[in-house]
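Please keep the sequence and the 3D view open as you read.

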Amino acid sequence: MSWFGEPTVKVKSYLEEKDLFTDCQKTDMECDYDEILLSGLKAQILASTKDKIFVVLHTSTSHGPTYYKKYPPKFNQFMPVCKSVELAKCTQKELINAYDNTILYTDYILATLIDELKELDGYSSTMFYVSDHGESLGEKNLYMHGIPMSIAPKEQIEIPFIVWASDDSVVFKENKMLSQYYVFHSVLDFLDIESPVYDKDKSIFK
Ligand SMILES: [Zn+2]
């Protein structure tokens, strides 16, 4: 597992893979994969004395080209999978299978995270899951992503936006179409943070 080009971040606590690894090895988690991000998370939240906690988990699950290396072998539900970095050498079926396995694994991570958040008694939590981009898997002979927005195919720009809230009193607007621009304003809204740049129209909450 690797992350490239980590941006300079100004946050109180920032953990890299090596920071998480020691903790993770004490668990039955698969520490070579993205679920390592969940190790010690609940304990850290519980240890905080703040009344608002914001956590960012940066997964690498569906990032190509080696999709099949991004999930533990038991998530090989869709077979056969593409194992070449030269994606065009795989059949589209093998490519889609490998990618679908990463989605299955992401699903597992999100479900586990939600279970952990549910165990936090007395906390009102919300989880946002958003992708940074979609991915071409051989449609129109295109692979990966990065084509300029104006001409990019829908496979590269249509992304999942999943939200879960622990509290039944949290009401969502009837959001028909969302974009990444909604994340920032929705987080401010949920955490009740005042800012001159806050735009209520771009919050997903009622
Ligand atoms: Zn990306």
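## Notes for a first look

1. **Two domains.** The chain is divided into domain 1, residues 17-168, and domain 2, residues 171-206. Please keep in mind that this is a predicted model. Computed between their C-alpha centres, domain 1 and domain 2 lie 23 Å apart. Their contact takes 15 residues from domain 1 and 13 residues from domain 2.

2. **The interface between the domains.** How much area do domain 1 and domain 2 bury between them? The value is about 1,000 Å², and 78% of it is on carbon and sulfur atoms. On the domain 1 side, Lys-52, Phe-128 and Phe-161 supply 48% of the area buried against domain 2, more than any other three residues. How many salt bridges cross the interface of domain 1 and domain 2? The count is zero.

3. **The zinc site.** Next, please look at the metal. Three residues coordinate the zinc ion: His-63 through NE2, Asp-132 through OD and His-133 through NE2, at 2.0 to 2.1 Å. Along the sequence, these donor residues follow the spacing H-x68-D-H. His-63 and Asp-132 are 69 residues apart, and the pair links distant parts of the chain. His-63 sits in the loop between helix H2 (41-47) and helix H3 (92-118), while Asp-132 sits in the loop between strand S1 (126-130) and strand S2 (136-137).

4. **The disulfides.** How many disulfides does the chain have? There are two. One joins Cys-24 to Cys-31, with the sulfur atoms 2.1 Å apart. The other joins Cys-82 to Cys-90, also with an S to S distance of 2.1 Å. With bonded cysteines counted along the chain, the pattern is 1-2, 3-4.

5. Is the link of Cys-24 and Cys-31 left-handed or right-handed? This link is left-handed, with -95° about the S-S bond. The link of Cys-82 and Cys-90 is right-handed, with 70° about the S-S bond. Cys-24 and Cys-31 are both buried. Cys-82 counts as buried because its relative accessibility is 3%. Cys-90 has a relative accessible area of 12%, so Cys-90 is buried as well.

6. **The loop between H2 and H3.** His-63, one of the zinc donors, lies in the loop between H2 and H3. Pro-65 lies in the loop between H2 and H3 too, and a cis peptide bond joins Gly-64 and Pro-65, with omega about 0°. Another cis peptide bond joins Met-79 and Pro-80, with omega about -5°. Pro-80 also has its place in the loop between H2 and H3.

7. **Helix H5.** Which residues of helix H5 (residues 181-190) are buried? They are Tyr-182, His-185, Ser-186, Val-187 and Leu-188. Strand S1 and strand S4 (161-165) are among the elements that cover these buried residues of H5.

8. **Positive phi angles.** Asp-192 follows H5, and its phi is positive, at about 55°, although Asp-192 is not a glycine. Is Asp-192 buried or exposed? Asp-192 is exposed, because its relative accessible area is 61%. Asn-141 is found in the loop between S2 and strand S3 (143-144). The phi of Asn-141 is near 60°, again a positive value in a residue other than glycine. With a relative accessible area of 65%, Asn-141 is exposed.

Technical notes
Residues are numbered from 1 along each chain as its sequence is written. This is a predicted model: local features need pLDDT of at least 70, side-chain atom pairs count only at pLDDT 80 or more; totals for chains, interfaces and linings use all residues. Side-chain values use heavy atoms; hydrogens and water are left out. A disulfide is a pair of cysteine sulfur atoms within 2.5 Å. Buried means under 20% relative accessible area, exposed over 50%, partly exposed in between (1.4 Å probe, protein chains only). Donors are N, O and S atoms within 2.8 Å of the metal (3.2 Å for Na, K and Ca); water is not among the atoms, so sites may look incomplete. Helices (H or I, at least four residues) and strands (E, at least two) are DSSP runs, numbered from the N terminus. Contact means heavy atoms within 4.5 Å. Domain bounds come from an automatic or database domain assignment. Buried area is the accessible area (1.4 Å probe) that two parts lose on being put together, summed over both. A salt bridge is a side-chain nitrogen of Lys or Arg within 4 Å of a carboxyl oxygen of Asp or Glu.
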